[in-house]
Amino acid sequence: ELMNDWNMDVHQKQKKRDTLNKAEQLFGLEISAFTSLSELEKDLGEQGFVFDVYGDWKETLGGWSKQLWTDVQPESMARGTEQFIQRLKKMDSKYKELEPYNGVNETVRNFYDSLPLFKDLKHEALRDRHWKMLMDVTGKTFDFGSFTLQNLVEMRLYEFKEEILNIVGGAARELSIEKSMPGSRRRGERGAWLSKSMTATVWTAGLYCWTPVGSKRSLMTTS
């Protein structure tokens, strides 16, 4: 929209320039060069080249953002994003020196950097309690029943990479505990255990001691 406004403004100035040049020619006067306007036309053309990429990116991301989280395919989005990264890389150096280029490049890169986190958040071990932890970390709330990629993008996950990895890692270890306690009796027991807040103590490399808060019982697991 901003580019459209600028283009309209320049177009109006071009019409005035042409009218004045015709009048100067009619009266035999020296034709004014309007150098500033010519430079503005050039700059706007270069800026427009960068904004065209941004427009295409915004349209692509808009299509992805409407997908429900359950339908999101990080690998497919990674391939699509890489095409934009290459498109930006191949731009002439004169475009890369423009301020809009840095903004567009950063926007695309931030999304690309978030994709591995999207993939992590598809882990089978994640339960409602882990999504609640994610909301607490990011300060965002959402309804998981209607949760879309747009909701996830708005969380700016690339700013919480370490926290997300900790949440997913903890969920994976909980699932490992769950799978190590088979049987109907164990299922009831593991449910009681996993509903509690736990503390983990690293005894040796790769060996964890899980203890529910307020309990004297512990469970040993490997990482």
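Biologist: Which residues does Thr-148 touch, not counting residues up to four places away in sequence?
Modeller: Keep in mind that this is a predicted model. Thr-148 touches Ser-65, Lys-66, Gln-67, Leu-68 and Trp-69, leaving out residues up to four places away in sequence.

Biologist: Where is Thr-148 found?
Modeller: In the loop between α6 (128-138) and α7 (149-154).

Biologist: Is Thr-148 buried or exposed?
Modeller: Buried. Thr-148 has 16% relative accessibility, and the cut-off for buried is under 20%.

Biologist: Let's zoom out. How many helices and strands in the protein chain?
Modeller: Nine helices and three strands. From the N terminus on, the order is α-α-α-α-α-α-α-α-α-β-β-β.

Biologist: What share of the residues is buried?
Modeller: Buried residues make up 33% of the 223 residues.

Biologist: And the accessible surface, what does that come to?
Modeller: About 14,400 Å² for the protein chain. Carbon and sulfur atoms account for 51% of that.

Biologist: What about contacts between residues at least 6 apart in sequence: what percentage join residues at least 24 apart?
Modeller: That comes to 58%.

Biologist: Now α5. How many residues, and how far does α5 reach?
Modeller: Helix α5 covers residues 99-120, so to speak 22 residues. From first C-alpha to last, α5 reaches 33 Å, close to the 32 Å expected at 1.5 Å a residue.

Biologist: Where in α5 does the kink lie?
Modeller: At Ser-114, shortly before the proline Pro-116. The kink is about 30°.

Biologist: Which residues of α5 are buried?
Modeller: Ser-114 is one of them. The others include Tyr-101, Val-104, Val-108, Phe-111, Leu-115 and Phe-118.

Biologist: Why would residues three or four places apart point the same way?
Modeller: Because an α-helix has 3.6 residues a turn.

Biologist: On to α8. How far does α8 reach?
Modeller: α8 has 19 residues and reaches 27 Å from its first C-alpha to its last. That is close to the 27 Å expected at 1.5 Å a residue.

Biologist: Which residues are buried in α8?
Modeller: Among them are Ile-164, Ile-167, Val-168, Ala-171, Glu-174 and Leu-175.

Biologist: And Leu-165, what is its relative accessible area?
Modeller: Leu-165 is in helix α8. Leu-165 has a relative accessible area of 39%, so this residue is partly exposed.

Biologist: What does Leu-165 touch, not counting residues up to four places away in sequence?
Modeller: Leu-117 and Asp-120. Leu-165 and Asp-120 are 45 residues apart in sequence and 7.7 Å apart in space, C-alpha to C-alpha.

Biologist: Switching to charges. How many salt bridges does the structure hold?
Modeller: Six. One of them joins the side chains of Arg-87 and Asp-56, at 2.8 Å from N to O. That pair links distant parts of the chain, with Arg-87 in helix α3 (residues 74-89) and Asp-56 in helix α2, 31 residues apart.

Biologist: Which residue forms a salt bridge with Glu-174?
Modeller: Arg-129, with the closest N and O atoms 2.8 Å apart. Arg-129 lies in helix α6 and Glu-174 in helix α8, so the pair ties together parts that are 45 residues apart in sequence.

Biologist: Is Glu-174 buried or exposed?
Modeller: Buried, with a relative accessible area of 17%. Arg-129 counts as partly exposed, at 35% relative accessibility.

Biologist: What about Arg-156, which residue forms a salt bridge with Arg-156?
Modeller: Glu-159, with the closest N and O atoms 2.9 Å apart. Glu-159 is partly exposed at 43% relative accessibility, and Arg-156 is partly exposed at 41%.

Biologist: Where is Arg-156 found, and what is its phi?
Modeller: Arg-156 is in the loop between α7 and α8 (161-179). Arg-156 has a positive phi of about 50°, although it is not a glycine. Most residues other than glycine have a negative phi.

Biologist: Last one. Which residues make the nonpolar surface patch of about 390 Å²?
Modeller: Leu-26, Phe-27 and Leu-29. Leu-29 lies in the loop between α1 (2-26) and α2 (35-65). With a relative accessible area of 52%, Leu-29 is exposed.

Note on methods:
Residues are numbered from 1 along each chain as its sequence is written. This is a predicted model: local features need pLDDT of at least 70, side-chain atom pairs count only at pLDDT 80 or more; totals for chains, interfaces and linings use all residues. Side-chain values use heavy atoms; hydrogens and water are left out. Helices (H or I, at least four residues) and strands (E, at least two) are DSSP runs, numbered from the N terminus. Buried means under 20% relative accessible area, exposed over 50%, partly exposed in between (1.4 Å probe, protein chains only). Contact means heavy atoms within 4.5 Å. Accessible areas come from the Shrake-Rupley method with a 1.4 Å probe; for residues, only the protein chains shown count as cover. The expected span of a helix is 1.5 Å times one less than its number of residues. The bend at a residue is the angle between axes fitted to the seven residues ending there and the seven starting there. Patches are made of residues with over 30% relative accessible area and no salt bridge: like charges are joined within 9 Å, nonpolar side chains (Val, Leu, Ile, Met, Phe, Trp, Tyr) within 5 Å. A salt bridge is a side-chain nitrogen of Lys or Arg within 4 Å of a carboxyl oxygen of Asp or Glu.
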